[in-house]
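Here is a short note for a colleague who is opening this entry for the first time. Please keep the sequence and the 3D view at hand while reading.

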Amino acid sequence: MTYALGRVASAAGVLLAAFTVAFLLLQALPGDAVMIRFENPELGLSAEQIASVRESYGADVGLLAQYWHSLSGFLGGDLGFSVASGAPVRTLLGSAIPSTLLLAGLGFVVAALLAAALAFGAILSPSGWLANVLRSLPSLFVSVPVFWLGIVLIQIFSFRLGLISVIRPGPLEALILPVLTLAVPISAPMAQVLVRAIDDVQAQPFITVVRSKGAGEAWILLRNVLRNAALPALTIAGVLLGELIGGAVVTETVFARFGVGRLTADALDAQDIPVLQGIVVLAALAFVVVNLLVDLVAPLIDPRLKRRVHA
Amino acid sequence: MTLELQRTALLPADGAAPQAPAPRRRRRRGPRVTVLLAVAVLVLVVAWAVLPQLFTSHDPLAGVPADALQGPSAAHWFGTDPTGRDLFSRVVHGARYSLTGGVVAVAVGLVAGTAIGVIAGSIGTIVDEILMRVVDVLLSIPGLLLSLSVIILLGFGTTNAAIAVGVTSVAAFARLSRSEVVRVRRSDYVEAAFGSGGRWGSVLLRHVLPNSLTPVLALAALQFGTAILAISTLGFLGYGAPPPTPEWGLLISEGRSHLATSWWLTTLPGVVVVLVVLSANRLSGAISQARTARS
């Protein structure tokens, strides 16, 4: 229990620091988004009107006061307002997240299946040649630019083979290529960690004992190796999440899907700091929560960790 | 968008994992050949960056409108783009942007990260604690979002994109160099150096840093590959070099408008990116493998 509380406290600390970093990084910006938008002479705003707009965005007070205001807003779920559109950042994120979550969730599932197929294929393959090819595929997958992969997939499946319509595809059809694009690079680190973990476990004496008792390779893999290899695979979950978010941003751009990626690109073009800040802090929150869950679940999977925690 | 790489690739170095002997013997020949190939690819691309005119006689910026949108041929290896510019020439000239970008990014990560790691590792105590929490925070923000935040701060452009990519690798360099410093500090010969009257600074320079060089080098090679990948991504998104520049990500982005008719415009520059990144990763793997074999 103390362990869990400690983990939660340190996660909250990281999150607060991430918020501070995002705040400092983005407030240090030389340009002033409020001025960029409202200083335009065509709007015909007087100096007093601009001042009142600045006041409504909270841009007229000192840095520390802005920090405090922004932090208390975040804690209450108020992410501020978009400078470009005036809409609440919370609404913007709320409308963009479901689509990105669907893409990222499906991408993760497909990546896990792909990684498991690669790892098991490499371990169980009867021919050394095939095993080597399967083992080297992940290093190829991590070297492929996500955006390029998406374009090549469009080229092959939409233009060459005509299997997937580019113009107004159905909702399910529209998901196939983006999910595949996202899944391939994510599957690579998963497969690498899985293969390495399986190798490590298989070299241990207890596997030899099980084997000498007459168990088949597939039996050993499923019953003994997989359980012991699960933990190393779990520890990279947080890293994969970051990959997934970055990959989703790029994939959405390539496939012109609406989502957090589009929101990020638009915010960047308009120097819309509140929106970008909201996205960054939200991503950090997701990372911290996922890592916290991994830390809390790991002792349940591996009892040895529990003993170390209590000691 | 890079962090899983250095973690997984550097795992064997600190784990000293027992490995089944059979596959290692079988694969002994394989890696040699692929490492040589990787070095060859990297040398060729460096040559492209330094002396592009040796490899192509076509102008990367001025096109021949009559030759527009031709497929790959003997005259135009990678075909031509809508304004009749030779794509191979553009890729060759573009190597400069990707490679310098990769070097700048690695330099930023290496210098800042190693400084943080060495300070944290050698001073320890509360300084170590604080610096490592800062590194945790850097790791908690997805690489691409961190890069974009830095870019909104610095503005668009090749160098700014490279710096933004470098910032994402600071955390990895800091963690690695810290753990190396801590490891080397505990070894007998460093104790001996202190015991024989060595000063803190000189022991750090003469013993600790040289002995933690190889894993840092392996990480640098790996980061170089990922940086090229990330820089091309930023170029593709339009935050890197401005349009007439033949930067690789931008080339792929520009080719998108002719996807249905001219496959070579997007496919071939991408293949080059994949080969370069793959080679850098392979080299990094070879460096850390050589280290585990020695120890």
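Predicted model: local features only at pLDDT ≥ 70, side-chain atom pairs only at ≥ 80, totals over all residues.

The points below go from the overall make-up of one chain to single side chains in another.

1. **Make-up of chain A.** Chain A has 14 helices and zero strands. Of the 311 residues in chain A, 44% are buried.

2. **Contacts and surface of chain A.** Take the contacts in chain A between residues at least 6 apart in sequence. Of these, 72% join residues at least 24 apart.

3. **A helix pair in chain A.** Look at helix H10 (residues 217-235) and helix H13 (residues 273-301) of chain A. They pack at an angle of about 175°, with their axes 10 Å apart. Angles over 145 degrees count as roughly antiparallel, so H10(A) and H13(A) are roughly antiparallel to each other.

4. H10(A) contributes A:Leu231, A:Leu234 and A:Thr235. H13(A) contributes A:Val294, A:Val297, A:Ala298 and A:Ile301. By class, six residues in this contact are nonpolar, one is polar and none is charged.

5. Over all chains, the search of the whole structure finds five salt bridges. One of them joins B:Arg178 and B:Asp128, at 2.7 Å from N to O. B:Arg178 lies in helix H7 (residues 158-185) of chain B, and B:Asp128 lies in helix H5 (residues 125-140) of chain B, so the pair ties together parts that are 50 residues apart in sequence. Which of the two partners is buried? B:Asp128 is, with a relative accessible area of 12%. B:Arg178 counts as partly exposed, at 24% relative accessibility.

6. **A bridge within one helix.** B:Glu129 forms a salt bridge with B:Arg133, and their closest N and O atoms are 2.5 Å apart. Both residues sit in helix H5 of chain B, four residues apart, so about one helical turn separates them. B:Glu129 is partly exposed at 43% relative accessibility. B:Arg133 is partly exposed too, at 39%.

7. **A further link from H5 to H7.** The side chains of B:Asp136 and B:Arg175 meet in a salt bridge, at 2.7 Å from N to O. B:Asp136 lies in helix H5 of chain B and B:Arg175 in helix H7 of chain B, so this pair ties together parts that are 39 residues apart in sequence. B:Asp136 is buried, at 15% relative accessible area. B:Arg175 is partly exposed, at 35%. Through shared partners, salt bridges join B:Glu129, B:Arg133, B:Asp136 and B:Arg175 into one network.

8. Where does B:Arg90 lie? Its place is in helix H4 (residues 87-123) of chain B. Buried means under 20% relative accessible area, and B:Arg90 has 1%, so B:Arg90 counts as buried. Leaving aside neighbours within four places in sequence, B:Arg90 is in contact with several residues, including B:Pro60, B:Leu61, B:Asp81 and B:Arg85. Its contacts also include B:Pro243, B:Pro244, B:Thr245, B:Pro246, B:Leu251 and B:Glu254.

Notes
Residues numbered from 1 in each chain as written. Chains lettered and ligands numbered in written order. Heavy atoms only, no water. Axes fitted to C-alpha atoms, helices over the stretch in contact; angles between N-to-C directions. Helix = DSSP H or I, 4+ residues; strand = E, 2+ residues; numbered from the N terminus. Parallel < 35°, antiparallel > 145°, perpendicular 65-115°, else oblique. Contact = heavy atoms within 4.5 Å. Nonpolar A, V, L, I, M, F, W, Y, C, P; charged D, E, K, R; others polar. Buried < 20%, exposed > 50% of the residue type's maximum accessible area, 1.4 Å probe, protein only. Salt bridge = Lys/Arg side-chain N within 4 Å of Asp/Glu carboxyl O.
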